[in-house]
Amino acid sequence: PIPCKGDQSSRRLRFSRAGQSFASMAKVVGRDDARVPVTILTGFLGSGKTTLLNHILASPSHGMRFAIIENEFGEVGVDEKVIKETSDEQIIEVMNGCICCTVRGDLAVALKRLREKTSGFDGIIIETTGLADPAPVAQTFFVDEEVRLSYSLDGIITVVDAKHILERLREEKPEGVENESVEQLAFADRVLLNKCDLVDEKALEEVQKAIRGINANTEIIRTQYGQVDPKRLINIQSFSLENVLKMDPEFLNTDGEHQHDLSVSSVSVRFEGELNHQQLRMWLSDLMQEQAKDLFRYKGVLAVKGMPDKFIFQGVHMLFSGGFDERFRWAASEVRECRLVFIGRNLDKAALEQGVMECKVGPLRFKVGDEVEANCGTWTPGKVIKLWDDGNPYRIRLQDGEECWGPVDTEDFVRKPSNGKGGAGNGKKSSPWWDEGAKKQPWRARK
């Protein structure tokens, strides 16, 4: 293992405008400290940090305005596209690096620039990458004099994936490499035990016991989809330097180097153009079957041919979710592009890039009016009546009047008429990615 240096890159600066001034907020919560409070939001990959951040930003209960510092491990930023956008909500993005390694450079500079250019903040929320050790991030607020005078560290919130955390905690790391999940829990002032709906009570009790074994005094809050009262996480004044020094006497030592597991890496793909999301999902399904254990996190924001909304997906190991989100519609002036990031162990960069690019939209084989056969479990004659319908390359009217989609422009789904000489359709191959709720005739197109 070698120290992670983290590359410097451009940052975008935005701010949330709804709420009262920091001075008035300080009076409401009884703060004597005029410094801007900072919350560090941490947790392993896929635990639900961005979902929680969205919930905090959307909540009307706190009446506060925040600046957000968003950190991503990969070369391409995705969460910045996923964080709920309003007309005034803004982000600083620290891209392509681990904030726990670049913290005394990039983070300190960003904080100083924020203080110089803005006033009236109610608080700052720092969302770290899932591979970050929160200790060096917290250290910044005590070892940099200018930062210390302007900001106070309010608390460290660690989000935990109830389904996968035990596996993370038990993972054996190479010599000299810290277990990030253990560090994230050790420094937590609050633990958000998220995704409780994915495990039973017995498993939750086992997880809580493991957490207590690392951090006996932290408050554990059970939740689903990051739904928690923000007042339990913001302005809690819970970070105690005295307690941290008791746990880690070397906390203020700036000479230490954080070491990452070199078998863990990220692969990012970004291009202008559009994807066939049906084909991508099928490819991802195969990828999960083959490499789920080593796929810690995968996510993306996609431009899908024929669809006005962005397709947003994310996954952790075998758990995948994705769909079109009407909150994120492509603007007429916006360049339609695709961004995807994979984070995991021993990733094959070339194979991942090839798999994604094979799903990129190209010229279609058939045009409207062409006679074809569609794979509806059996090959059924029909005619193409529309191209790129609801994200599918073909909408086909069958001879019996029913209509179906051709979800991918390959011989597996749509082919030239065979005059009875073709083979049988592969029902499994045409399984219902495009209409998962239909138990009968999954190939049928919506009217």
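This is a predicted model: local features need pLDDT of at least 70, side-chain atom pairs count only at pLDDT 80 or more; totals for chains, interfaces and linings use all residues.

Trainee: How many helices and strands does the protein have?

Mentor: Helices (H or I, at least four residues) and strands (E, at least two) are DSSP runs, numbered from the N terminus. In this protein there are 12 helices and 17 strands.

Trainee: What share of the residues is buried?

Mentor: Buried means under 20% relative accessible area, exposed over 50%, and partly exposed in between, with a 1.4 Å probe and protein chains only. Of the 447 residues in the protein, 55% are buried. A further view comes from contacts, meaning heavy atoms within 4.5 Å. Among contacts between residues at least 6 apart in sequence, 74% join residues at least 24 apart.

Trainee: Which residues of helix α12 are buried?

Mentor: In α12, residues 349–357, the buried residues are Leu352, Gly355 and Val356. Seen down the axis of α12, these residues fall within an arc of 95 degrees, so they line one face of the helix; the arc is that of the directions from the helix axis to the C-beta atoms. The buried residues of α12 pack against β8 (264–272), α11 (277–291) and β12 (337–345).

Trainee: Which residue caps the N-terminal end of α12?

Mentor: A polar contact is a pair of N or O atoms within 3.5 Å; within protein, one must be able to donate a hydrogen and the other to accept it, and residues adjacent in sequence count only if both atoms are side-chain atoms. The cap of α12 is Asp348, with a side-chain oxygen 3.3 Å from the backbone nitrogen of Ala350. At the start of α5, a side-chain oxygen of Asp133 reaches to within 3.0 Å of the backbone nitrogen of Ala135.

Trainee: Why is helix α5 described as largely enclosed?

Mentor: Helix α5 (residues 134–143) is largely enclosed by the rest of the structure because 8 of its 10 residues are buried. The buried residues of α5 include Pro134, Val137, Gln139 and Phe141.

Trainee: How many cavities does a search of the whole structure find?

Mentor: Rolling a probe the size of a water molecule over the atoms shows where empty space is left. On a 1 Å grid over the protein atoms alone, a cavity is a set of points where a 1.4 Å probe fits but cannot get out, and lining residues have an atom within 4 Å of a point. Grid points are joined across faces, edges and corners, and a volume is the space filled by probe spheres set on the points. The search finds 3 cavities of 30 Å³ or more, and the second largest cavity holds about 120 Å³ of space.

Trainee: Which residues lie nearest the centre of the second largest cavity?

Mentor: Of the 17 residues that line the second largest cavity, Phe44, Ser47, Asp161, Ile165 and Arg168 lie nearest its centre. The elements giving two or more residues to this lining are β5 (151–161), α7 (165–170) and α8 (180–186). Strand β5 gives the most, with 4 residues.

Trainee: Where is Lys195, and is Lys195 buried or exposed?

Mentor: Lys195 sits in the loop between β6 (190–194) and α9 (201–214). Lys195 is buried, with a relative accessible area of 16%. The side chain of Lys195 reaches the backbone oxygen of Gly46 at 2.5 Å. Not counting residues up to four places away in sequence, Lys195 touches several residues, among them Ser47, Asp161 and Thr223.

Trainee: What is the value of phi in Tyr225?

Mentor: Phi of Tyr225 is near 55 degrees, a positive value in a residue other than glycine. Tyr225 lies in the loop between β7 (219–222) and α10 (241–247) and is exposed, with a relative accessible area of 56%. Asn235 is found in the loop between β7 and α10, and its phi is near 55 degrees. Asn235, however, is buried, with a relative accessible area of 14%.

Note on methods. Residues are numbered from 1 along each chain as its sequence is written. Side-chain values use heavy atoms; hydrogens and water are left out. On a 1 Å grid over the protein atoms alone, a cavity is a set of points where a 1.4 Å probe fits but cannot get out, and a pocket is an open set with protein on both sides within 12 Å along at least five of seven lines; lining residues have an atom within 4 Å of a point.
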